[in-house]
Amino acid sequence: MPKALSKLDNIYHPLFEKHKVQVQVKRDDLMHGIISGNKWRKLKYNLKQLKTKQYQGAITFGGSYSNHIHAFAYACKQADIPCIGIIRGEERYASNFTLAWARHWGMQCHFVDRKTYRRRFETEFLSELSRQYPQHFIIPEGGSNALAIPGVAEVITELNKQTVFDTLITPVGSGGTLAGLISGDSVANEQQHKILGVAVLKQAEYLMDEIKNLLTPQGLTHADWHLLTKYHRGGYAKFSQADAERLIAFNQQTGIIFEPVYSGKMILALLDLLEQGYFKAHERIVLLHTGGLQGLGGMIEQAKLNEKDWPIPPKAPA
Ligand SMILES: Cc1ncc(COP(=O)(O)O)c(C=O)c1O
């Protein structure tokens, strides 16, 4: 478990200079070799719970290239907890980049069709799973549950020690990370900063309710958080050739790798927002790098990215 704070890097880009903003990156991608970024934050208290109670195993959900599945499989192996992944997709994905690693670390993968996968939040479906696998701890897709919130909130505690900032930006998939940041920033119900979430999927407006639901038990209010839903670039894991090229140039300029599914969409949104004059002069912006670089393996495998432009993560042993 990393004891130190994740570091904060200053980055430079001609557009930052033009619009007179200061940009820093919270390098959660460097927190752990495998359980990187928001995975570490969201799993921290879930793993504590798993270890303290007498569970026989853990169950979670994800797509066949899911960063959460990859991180969770490794975390369970480290904690010596048997784990099951309910995977959206067909058995033929079992050897893809992500699942080869997850299975290597001992995850049992159960493949389900889209219709079944859609039931993943239904009480009846979850009760069926509990009957089938008694004494198993069930963690939702993306690890976004109530226990994820205090883990992510620690990003704010760290940032408050490291810097002074106006705006924090994060990519958003299931909403747990954004909810955790809002929670961490709600000191005595008075928000300290503006928090922006860039939705990486289409029609993400429904996430507003998911995020509010995650915040409700704590009774927190924060009036300056926003979910930006127009920067998904065509949908989940979709992006144009021009987007990829813009990102490669940004990565070269800053020396940090942002992948195009999550953190890269945050970067592309940042560049668009700068061009639109969204930020005030002298605004101090922090970007949360949520990791997910294992995903590059799957992207390259599917020829969605060219391996000459991206670092290639190691493959699981056959
Ligand atoms: C690398 C990465 N960044 C960001 C996110 C979005 O986080 P959340 O699902 O908590 O909104 C995810 C998905 O969990 C992710 O894998």
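A nitrogen atom of the ligand lies 2.6 Å from an N or O atom in the side chain of Thr290; a polar contact is a pair of N or O atoms within 3.5 Å. The model on view is a predicted one, in which local features need pLDDT of at least 70 and side-chain atom pairs count only at pLDDT 80 or more, while totals for chains, interfaces and linings use all residues. Residues are numbered from 1 along each chain as its sequence is written, and side-chain values use heavy atoms, with hydrogens and water left out.

One of its oxygen atoms is 2.5 Å from an N or O atom in the side chain of Ser174, and a polar side-chain atom of Asn67 lies 2.8 Å from an oxygen atom of the ligand. On its own, the ligand has 380 Å² of accessible area, and the protein covers 97% of that; such areas come from the Shrake-Rupley method with a 1.4 Å probe.

Which elements give two or more residues to the shell around the ligand? They are α2 (38-52), β7 (167-172) and α8 (176-185). Here helices (H or I, at least four residues) and strands (E, at least two) are DSSP runs, numbered from the N terminus. The largest share, 3 residues, comes from α2. In total, 16 residues surround the ligand, and Lys42, Gly173, Ser174, Thr177 and Thr290 are the closest; a residue is near a molecule if one of its heavy atoms lies within 4 Å of it. By class, the shell holds 3 nonpolar, 11 polar and 2 charged residues.

I turn now to the aromatic rings. The whole structure contains 7 aromatic pairs. Rings of Phe, Tyr and Trp (its six-membered ring) pair if their centres lie within 6.5 Å; planes under 30 degrees apart count as stacked, over 60 as edge-to-face and the rest as tilted. Tyr74 and Trp105 form an edge-to-face pair, with 5.0 Å from centre to centre and 75 degrees between the planes. Tyr74 lies in helix α3 (residues 67-79) and Trp105 in the loop between α4 (97-104) and β5 (108-112), so the pair ties together parts that are 31 residues apart in sequence.

Are Tyr74 and Trp105 buried or exposed? Both are buried, where buried means under 20% relative accessible area, exposed over 50% and partly exposed in between (1.4 Å probe, protein chains only). Finally, ring pairs link Phe16, Phe250 and Phe258 into a cluster.

Definitions and conventions
Polar contact = N/O pair within 3.5 Å; in protein donor to acceptor, adjacent residues only side chain to side chain. Nonpolar A, V, L, I, M, F, W, Y, C, P; charged D, E, K, R; others polar.
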